[in-house]
Amino acid sequence: MEFSPSLLLLFQRSARIVVLTGAGISAESGIPTFREAQTGLWETYNPEELATPQAFQRNPGLVWDWYAHRREIIAKAQPNPAHRALTDLESLFPEFNLITQNIDNLHRRAGSSGVIELHGNIFRSRCIEEGTRFIEWEEADVKPPRCPDCGGSLRPDVVWFTEALPQEALYTAFNHAENATVFLSVGTSALVQPAASLPLVAKSSGAHLIEVNPDTTPISREADYILRGRAGEILPVLVERIRLMHSS
Ligand code: NAD
C-alpha cells in the first residue's frame with residue numbers, strides 16, 4: 001500500500017492531530033451498524049423506532065431489552081487493527097484527540113485515552129430522574145432496572161434520535177476541530193449531525209482533511225486526501241509509515 005509523500009509529510013509537520021470515527025471503524029470487529037438488517041427476535045423492529053425517547057416512554061422494557069441484546073453482541077467483539085492503530089498514532093503526537101460517534105467502548109478497550117464520546121456509551125446506564133450514571137447495575141425481573149439511589153428508571157446512557165448531544169463533549173469536539181492541523185475522518189457516513197460538521201469545521205479552520213472509507217460520503221469532495229478501503233487495512237500501514245518517519 002502506497003501513500004503520497006505529501007500526505008506523510010503532513011504528519012511530520014503537523015502538531016495537532018484530530019480523529020473522528022464512526023460505526024465503520026467497528027465493522028471489522030463484527031459490530032453491525034444500525035442500518036444493517038436485524039435478525040432473530042428483533043427482525044420485526046425498526047431500530048430507528050427503538051432508539052428514541054418516545055419509544056422508551058411507550059415501552060421501556062422493550063427498549064431496555066434491545067439495548068441488552070446489543071450490549072451482549074458488543075461485549076463479545078474485540079478491538080480491531082484500526083482501533084489499535086489509532087492508539088499507536090496517539091503515542092506519536094503530544095497533541096492528539098480522538099472523537100467518536102460510537103457507543104461500543106472499543107477505542108478505550110484498545111488503549112486510547114481521553115476518548116470524546118459524542119453519542120454516549122452502551123456500557124453505562126443513567127437514572128432518568130437524577131441523571132446519575134452507572135457502569136454496574138443489578139438486572140431485575142422488572143425492566144428497566146431501578147436506580148439504587150432514588151428508585152427512578154435506568155436508561156442506556158446513549159444519545160437517541162431527536163436528543164441533544166452531551167454539551168461538554170460537543171463543545172470540546174468542536175474546539176479540537178477548530179484547532180486541528182490534520183483531521184482524519186474514519187468510517188463515518190457523515191450523515192448524522194452535528195458530528196458530520198466536524199470535518200468541515202476543521203477544514204474551514206485550516207486543517208488538512210483526510211478521509212478513510214470504502215465509500216464516497218458527503219465530505220469526500222472536501223477531503224484533501226481520500227484513502228478508499230477498510231480502516232483495519234489502511235490505518236495500521238499508514239501509522240507504521242508515520243512511525244518510521246518519526247524515528248528516522
Ligand atoms: P454509519 O453506519 O452511518 O456509516 C458507516 C460508514 O462506515 C459508511 O460510510 C461506510 O462506508 C463506512 N465503512 C463501512 N465499513 C468500513 C470499514 N471497514 N472501514 C472504514 N469505513 C467503513 O455510521 P456513523 O456515521 O457512525 O453514524 C451512525 C450512527 O449510529 C452514529 O450515531 C453511531 O453512534 C451509531 N452506531 C454506533 C455503532 C457502534 O458503536 N459501533 C454501531 C451502529 C450505529
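Q: Which residue of β3 stands opposite Thr 100?
A: That's Glu 117. Keep in mind that this is a predicted model.

Q: What makes β2 and β3 a pair?
A: Strands count as paired when there are at least two bridges between them. Strand β2 (residues 95-100) and β3 have two bridges, so they pass the test. Their pairing runs in the parallel sense. Helix α5 (residues 81-92) packs on this sheet, where α5 touches β1 (16-21), β2 and β7 (182-186). The direction of α5 makes about 150° with that of β2.

Q: What is the order of the six strands in the open sheet, and what is their pairing?
A: Read across, they go β3-β2-β1-β7-β8-β9, with parallel pairing.

Q: Why are β3 and β9 called edge strands?
A: Look at how they pair: β3 (116-117) and β9 (225-227) each do so on one side only. That's what puts them at the edge.

Q: How do you know the order of the open sheet of three strands?
A: Follow the partners: the strands line up as β5-β4-β6, and the pairing here is antiparallel. β5 (133-134) and β6 have a single partner strand each, so one side of each has no neighbour in the sheet.

Q: How do you know that β4 and β6 pair?
A: Count the bridges again. The cut-off is at least two, and β4 and β6 have four, in the antiparallel sense. One example is Ser 125, whose bridge partner in β6 is Pro 156. Helix α4 (residues 60-76) packs on this sheet and touches β4 and β6. The direction of α4 makes about 145° with that of β4.

Q: What lines the second largest pocket?
A: There are 16 lining residues, and those nearest the centre are Gly 120, Arg 126, Arg 133, Asp 157 and Pro 166. β4 (120-127) and β6 (154-158) turn up again here, each supplying at least two residues of the lining. The space in this pocket comes to about 200 Å³.

Q: How do the residues of that lining divide into nonpolar, polar and charged?
A: Eight are charged, six are nonpolar and two are polar. Arg and Asp count as charged and Pro as nonpolar, while Gly goes with the polar ones.

Q: What is omega for the cis peptide bond that joins Lys 143 and Pro 144?
A: Omega is about -5° there. You'll find Pro 144 in the loop between β5 and β6. Another cis bond goes from Gln 193 to Pro 194, with omega near 0°. Pro 194 belongs to the loop between β7 and α8 (198-204).

Q: What is the phi of Asn 105?
A: It's near 70°, which is positive in a residue other than glycine. Asn 105 lies in the loop between β2 and α6 (106-110). Thr 162 isn't a glycine either, yet its phi is positive, about 80°. Look for Thr 162 in the loop between β6 and α7 (167-179).

Technical notes:
Residues numbered from 1 in each chain as written. Predicted model: local features only at pLDDT ≥ 70, side-chain atom pairs only at ≥ 80, totals over all residues. Heavy atoms only, no water. 1 Å grid on protein atoms, 1.4 Å probe; cavity = no way out; pocket = protein on both sides within 12 Å on 5 of 7 lines; lining within 4 Å. Points joined across faces, edges and corners; volume = space filled by probe spheres on them. Contact = heavy atoms within 4.5 Å. Axes fitted to C-alpha atoms, helices over the stretch in contact; angles between N-to-C directions.
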